[in-house]
Amino acid sequence: MRVIDTENIMDAMRNETQFVLRCEEVFHDKCSAACAAILSALPQKRIVALTGPSGSGKTTTALRLKAYLENLGVPVCLLSMDNFFLPLDKRPPEAADWESPYCVDREQLREVIEQLLCGQTANVPWYDFVHNTTGGYKPMQGSSDCIVIAEGIHMLNPLIFDDLRARATGVYVAPRTRIITSDDKIIHPEQIRVARRMVRDRRGRGKSLRETIERAQQVDRGERQYITPNKPNASIHIDTFHDYELCILARTLREYPPANEELDEGFLQAHGLDVLMRVVRQLPPLSVPYVPRDSIVREFVGGSCFEY
């Protein structure tokens, strides 16, 4: 577990451009190392099963790995497990909530992966979250020498991964850095993920900061039950934390006047976020234009060059 302190962040913010680019270079190196490990597992393992909890940056990491591999001349097919959700009326009783792996059409997911690996054209579903049903299908052309990257919160769950294990490289992505405050308090990685979702959900989903924090309890419960126990199935672990990202949140809160009303001290203490928000309010704000368009941070603040 990596550790930094808030003084490091304050010092680095004296040169914002250098700070951002240095953080991005570190993440670039992590992706490059992951690609090297993926390539070394060929030809036996042509599947990459990538997972991480909500707010971990799974989608951008998968897209970055795809871009890096394709730049090396390796064809890549990218699948999102979210598109393989079962319609509500077809879910078994075990699918008690959205965090359950029983919500996924596992047979269809395996079938699509096999078709792509065999060089066939697969009809990949897309999920209509408004009406909670399969919205249709899009063709995807496979290749006999392609790598299939499948990302989603349950890709390392034995219900899915056991059938792929002999042919798959497991990748686990999540913030893994702890931040130490000047008074020796700790900001944990799960709090970083809540901060990311606060920014993303307000910007892209119309959720108040308070609503995102309240739902975090359910999300964390699903993570402990369905995701964390399966981390040992990953041979590659990527820390997606960028040291400058709390400064992005600092700017977001300054540009959102209702934040102080939504996040009163009692509410923050009740949800274990009082230390995080105190630090955020002390940090200098960072302008979003400094963030590269392919950065994982863009998954949450917007303006990415990738389509999600």
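In the predicted model described here, Tyr 244 touches Phe 19, Val 20, Cys 23, Glu 24, Leu 286, Val 291, Ser 295 and Val 297, residues up to four places away in sequence being left out of this list; a contact is taken as heavy atoms within 4.5 Å. Tyr 244 is itself listed, with Leu 65, Ile 149, Ile 187, Leu 246, Leu 263 and Leu 276, as touching the most other members of the largest core, which holds 61 residues. A nonpolar core is here a set of buried Ala, Val, Leu, Ile, Met, Phe, Trp, Tyr and Cys residues joined through side-chain atoms within 4.5 Å, where buried means under 20% relative accessible area, exposed over 50% and partly exposed in between (1.4 Å probe, protein chains only).

Residues are numbered from 1 along each chain as its sequence is written. Local features need pLDDT of at least 70 and side-chain atom pairs count only at pLDDT 80 or more, whereas totals for chains, interfaces and linings use all residues, and side-chain values use heavy atoms, with hydrogens and water left out.

The chain contains 12 helices and 10 strands, defined as DSSP runs numbered from the N terminus (helices H or I, at least four residues; strands E, at least two). Of its 308 residues, 53% count as buried, and 75% of the contacts with a separation of 6 or more are between residues 24 or more positions apart. The C-alpha trace spans about 55 × 45 × 30 Å along its principal axes.

In helix H11 (residues 274–282), the buried residues include Asp 274, Val 275, Leu 276, Met 277, Val 279 and Val 280. The cover over the buried residues of H11 includes helix H1 (6–12), strand E9 (186–187), helix H6 (189–204), helix H8 (245–254) and helix H10 (265–270).

Several backbone features fall in loops. The peptide bond from Leu 42 to Pro 43 is cis, with omega near 0°, and Pro 43 is placed in the loop between H2 and strand E2 (47–51). Asn 132, although not a glycine, has a positive phi of about 55° and belongs to the loop between strand E4 (121–128) and strand E5 (133–141). Asp 184, also a residue other than glycine, has a positive phi near 65°; Asp 184 lies in the loop between strand E8 (177–180) and E9 and is exposed, with a relative accessible area of 63%.
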